[in-house]
Amino acid sequence: VNDIKSLMMTVNESADPDIAIVSAAKIAAEAASYSTMAQAAATSEAVIAAALKATAEAAVNNSAITVKINKVSYIAPIAGTSGNRSGTDGSYVFTVTVVKGLQSQTTMQIKLNIAATADTSGGSTPGGSTPGGSTPGGSTPGGSTPGGSTPGGSTPGGSTPGGSTPGGSTPGDTTSEGGTSFVDVKKSDWFSDAVTYVQQRGLMSGTSETTFSPLLMASRAMIVTVLYRMAGNPQVAGESIFIDVSSDSWYSDAIEWAVQKGIVNGYSNNSFGTNDAVTREQLVALLYRYGQINNLDTTVSGDLSNFADKDKISDWATESMKWAIGKGIISGKGNNRLDPSGTATRAEIATILMRFLISQDQI
């Protein structure tokens with residue numbers, strides 16, 4: 001009987017030779033070298049996907065295999081400015097699906113780096129754009145931390161904080177109707193006051209001399225740099241232990257400071273994930289930790305029971321979420337949701353920062 005079962009298994013497994021072919025194609029696609037793209041070349045998501053597909057197809061090297069690129073996330077690069085000469089690198093996270101006949105397999109997630117176009121005309125201190133506050137209604141960005149870090153530990157992020165010099169472009173010739181120097185921030189926008197607030201206090205700056213990019217997704221490096229600025233840009237001793245944080249990067253001091261203070265941690269692979277996106281619960285946890293180390297009031301605790309998605313809040317973020325609700329730093333989004341794992345935009349972070357500082361009398 002066992003021999004018969006073994007024979008049946010052998011016949012069934014070998015019935016479709018495409019299984020082995022597709023498996024080999026998947027391995028080849030994962031092992032392919034997806035080189036960093038320059039911003040000048042990465043003109044659109046479609047162009048990026050087409051380049052990735054060509055690389056994967058070359059690695060698979062089998063015309064009978066159909067290759068498909070599946071986007072997981074995209075952070076657009078920001079070109080360098082006078083305040084952030086190196087610009088803000090972007091990223092494109094994707095998977096590759098290989099298909100032959102009835103068989104298909106998909107790779108693990110792969111991250112492509114997109115190098116920002118540097119400003120070669122000269123410039124001042126490194127900057128980048130910083131993340132913003134909460135969505136209309138006041139909710140805050142958060143989410144579970146990749147790699148299983150502790151609350152606020154590894155907050156996914158993306159581009160750099162700022163763009164022009166800390167605090168943003170100086171209002172003047174290009175002042176928009178929102179009272180800032182940014183043409184993409186109107187007075188009627190729900191985040192207008194928050195953008196003005198953080199810009200005037202040097203916490204966030206523009207992605208260019210005239211734009212704030214309020215809907216741009218925020219990154220770990222951005223958030224940490226904002227907190228570092230809030231702390232007064234203190235002197236930092238020591239060098240980064242992270243393989244993706246160079247000593248001359250605009251965020252190196254901020255990351256080292258935040259790690260030394262216990263505000264954030266890195267990933268288990270010795271990387272910090274500077275360009276990883278920040279979620280709502282992660283942002284809240286970071287502010288909560290910042291408040292603790294600065295002896296601010298973190299004793300308030302709000303009620304989460306009325307939120308429909310309260311069970312989706314990570315265990316490590318529950319305490320900080322209650323605090324944020326209690327302090328009025330965040331409130332729910334539509335349909336009575338907190339959206340803890342939703343990513344944070346620059347506009348959201350600006351609003352959260354303003355509420356946080358006002359609630360702590362740190363105006």
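## Charges over aromatic rings

R346 lies over the face of F212, at 4.1 Å from the ring centre, where a charge is taken to sit over a ring if NZ of Lys or CZ of Arg is within 6 Å of the ring centre and within 35 degrees of the ring normal. R220 is likewise placed over the face of F272, with 3.9 Å to the ring centre.

## Basis of the values

This is a predicted model, in which local features need pLDDT of at least 70 and side-chain atom pairs count only at pLDDT 80 or more, while totals for chains, interfaces and linings use all residues. Residues are numbered from 1 along each chain as its sequence is written, and side-chain values use heavy atoms, with hydrogens and water left out.

## Nonpolar cores

The largest nonpolar core has 63 residues, and those with the most contacts inside it are L227, M230, I330 and F356. Such a core is a set of buried Ala, Val, Leu, Ile, Met, Phe, Trp, Tyr and Cys residues joined through side-chain atoms within 4.5 Å; buried means under 20% relative accessible area, exposed over 50%, and partly exposed in between (1.4 Å probe, protein chains only). At least two residues of this core come from each of helix 4 (192-200), helix 5 (220-230), helix 6 (252-260), helix 7 (280-293), helix 8 (318-327) and helix 9 (346-359), the helices (H or I, at least four residues) being DSSP runs numbered from the N terminus. Another core, of 22 residues, lies apart from it and has V22, L52, V96 and I110 among them.

Helix 4 is largely enclosed by the rest of the structure, because 7 of its 9 residues are buried. These are S192, A194, V195, T196, Y197, V198 and Q199, and they pack against helix 9, contact meaning heavy atoms within 4.5 Å. Just after helix 4, G202 has a positive phi of about 70 degrees.

In helix 8, the residues S320, M321, W323, A324, I325 and K327 are buried, and their cover includes helix 7 and helix 9.

## Aromatic pairs

The structure holds 11 aromatic pairs, counted when ring centres of Phe, Tyr and Trp (its six-membered ring) lie within 6.5 Å, with planes under 30 degrees apart classed as stacked, over 60 as edge-to-face and the rest as tilted. The W190 and F191 rings have centres 5.1 Å apart and planes at 85 degrees, so this pair is edge-to-face. W190 is partly exposed, at a relative accessible area of 37%, whereas F191 counts as buried at 6%. One aromatic cluster is formed by Y34, Y74, Y92 and F94.
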